[in-house]
Amino acid sequence: MTALRICVLGGTGFVGHALVKRLAADGHAVTVLSRNLALHPDRLLPPGVVVRETDVYDPDGLQAQFTGMDAVINLVGILNEAGDSGRGFRRAHVELTQFVVSACRQARVPRLLHMSSLNAGRGRSHYLKSRGDAEAVVKASGMAWTIFEPSVIFGIDDGLFARFGRLLKLAPVLPLACASAKFAPVFVGDVVEAFRRALHDRSAIGEVFELYGPEVFSLADIVRMTARQLGLRRWVLPLPDVLGRLQALACDFIPGKPFSSDNFRSLQVDSVGGIDGLHRLGIAPTPVAQVLPDILGDAGDKQSRYARFRAHRGR
Ligand SMILES: NC(=O)c1ccc[n+]([C@@H]2O[C@H](COP(=O)([O-])OP(=O)(O)OC[C@H]3O[C@@H](n4cnc5c(N)ncnc54)[C@H](OP(=O)(O)O)[C@@H]3O)[C@@H](O)[C@H]2O)c1
């Protein structure tokens, strides 16, 4: 495997952390650009990875950081914005992608891997609309690009099982909007493997890979599975849409937006795939049950869960 110089945006996040660790272990020279490292105290990147605090919205700065790179990976994404105008989504997804593409072209970076989402461009949410618009920018870039469209991603410290696990510990009843929305959760290790393979596979250039797991669950299934795994007796209360909309509207005003009107709109489109990208890349998908005990199991703190997980997965 040729060692590459790779620059990653969004490398401090849940997926980024796993991907950067893997790319560094493969011997690549990885540089992570972060707006503010202090925001990610739990996500220490491995030694050898260069981390630079940078204004990623500064086109000249980006071009300087990209100079000499063989590939750029853009993992930046947000689930919520301030307000509900779509401006925040446009900025983080579309404008940033425009800056990235333009800086790549000026710095003569040949390869771009771009993280998107299943259903990009579909439905009425600002999230999915901006994802579709960002994909259009990448496809028109003239670069050697690859786009990834995952369903919801699971793994240790995820925003799915781990998050519902925390919520379920708070109260005996969980009123749930969009309870019948469908997902095909994909394991973070499989997502990382998809990026890794695409990086070295020229046939992945100009391709869009949907990344989804082997099982389809409703949101209510996911929450009930989480409660079962934690040994909690909880009542999941599916809300009719009118109440779900009201819940979302109320959450729009809670700092950090645990749920939002835009989340409600994006959940109207089931996050299940059509053309299996993992299969196309020769990756056998990991079922949820194989990893759930490691995400939620009670065998101690996060460190020991990681140790068990690594031993178990041989990674
Ligand atoms: N997790 C999932 O279930 C899932 C499903 C489908 C698609 N995706 C997509 O996969 C990508 C990675 O997901 P993730 O779960 O790893 O996300 P994450 O943990 O939230 O990390 C995203 C990273 O992007 C950077 N970022 C956040 N907001 C930004 C903004 N407004 N402008 C510029 N940079 C910003 C942050 O890095 P700094 O603070 O260091 O700059 C952050 O570490 C995202 O594009 C996400 O939308 C994720």
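Trainee: What covers the buried residues of α7?

Mentor: Before answering, note that this is a predicted model, in which local features need pLDDT of at least 70 and side-chain atom pairs count only at pLDDT 80 or more, while totals for chains, interfaces and linings use all residues. Residues are numbered from 1 along each chain as its sequence is written. Helices (H or I, at least four residues) and strands (E, at least two) are DSSP runs, numbered from the N terminus, and two residues are in contact if their C-beta atoms, placed from the backbone, lie within 7 Å. On that basis, what covers the buried residues of α7 includes α5 (161-168), β8 (173-176), β9 (182-183), β12, β13 (235-238) and α11 (288-296).

Trainee: Which are the buried residues of α7?

Mentor: A residue is buried if 20 or more other C-beta atoms lie within 10 Å of its own, exposed if 12 or fewer, and partly exposed in between, with C-beta atoms placed from the backbone. Helix α7 covers residues 219-230 and reaches 17 Å from its first C-alpha to its last, close to the 16 Å expected at 1.5 Å a residue, where the expected span is 1.5 Å times one less than the number of residues. Within this helix, the buried residues are Leu 219, Ile 222, Val 223, Arg 224 and Thr 226.

Trainee: Which residue takes a positive phi just after α7?

Mentor: Most residues other than glycine have a negative phi. Just after α7, a positive phi of about 70° is taken by Gly 231.

Trainee: Is Asn 119 buried or exposed?

Mentor: Asn 119 has its place in the loop between β5 and α4, and its phi is positive, about 70°, although it is not a glycine. Because 22 other C-beta atoms lie within 10 Å of it, Asn 119 counts as buried.

Trainee: And Arg 108, is that residue buried or exposed?

Mentor: Arg 108 lies in the loop between α3 and β5, and its phi is near 60°, a positive value in a residue other than glycine. It has 10 other C-beta atoms within 10 Å, so Arg 108 is exposed.

Trainee: Which residues does Pro 214 touch, not counting residues up to four places away in sequence?

Mentor: Pro 214 is found in the loop between β11 (207-211) and β12 (217-218). Pro 214 is partly exposed, because it has 16 other C-beta atoms within 10 Å. Leaving out residues up to four places away in sequence, Pro 214 touches Pro 285 and Pro 287.

Trainee: How far apart in space are Thr 54 and Leu 33, C-alpha to C-alpha?

Mentor: Thr 54 is placed in the loop between β3 (50-53) and α2 (59-66), and it touches Leu 33, Gly 61 and Gln 65, not counting residues up to four places away in sequence. Although Thr 54 and Leu 33 are 21 residues apart in sequence, their C-alpha atoms are separated by 6.0 Å.

Trainee: Which element gives the most to the shell around the ligand?

Mentor: The ligand is surrounded by 24 residues, of which the closest are Gly 10, Gly 13, Val 15, Ser 34 and Gly 77, a residue being near if its C-beta atom, placed from the backbone, lies within 6 Å. The elements that give two or more residues to this shell are α1 (14-25) and α3. With 3 residues, the element that gives the most is α1.

Trainee: What radius of gyration does the chain have?

Mentor: The chain holds 12 helices and 13 strands, and its C-alpha trace spans about 55 × 45 × 40 Å along its principal axes. The radius of gyration is taken over C-alpha atoms, and the globule rule is 2.2 Å times the number of residues to the power 0.38. For 315 residues a compact globule would have a value near 20 Å, which agrees with the chain's 19 Å.
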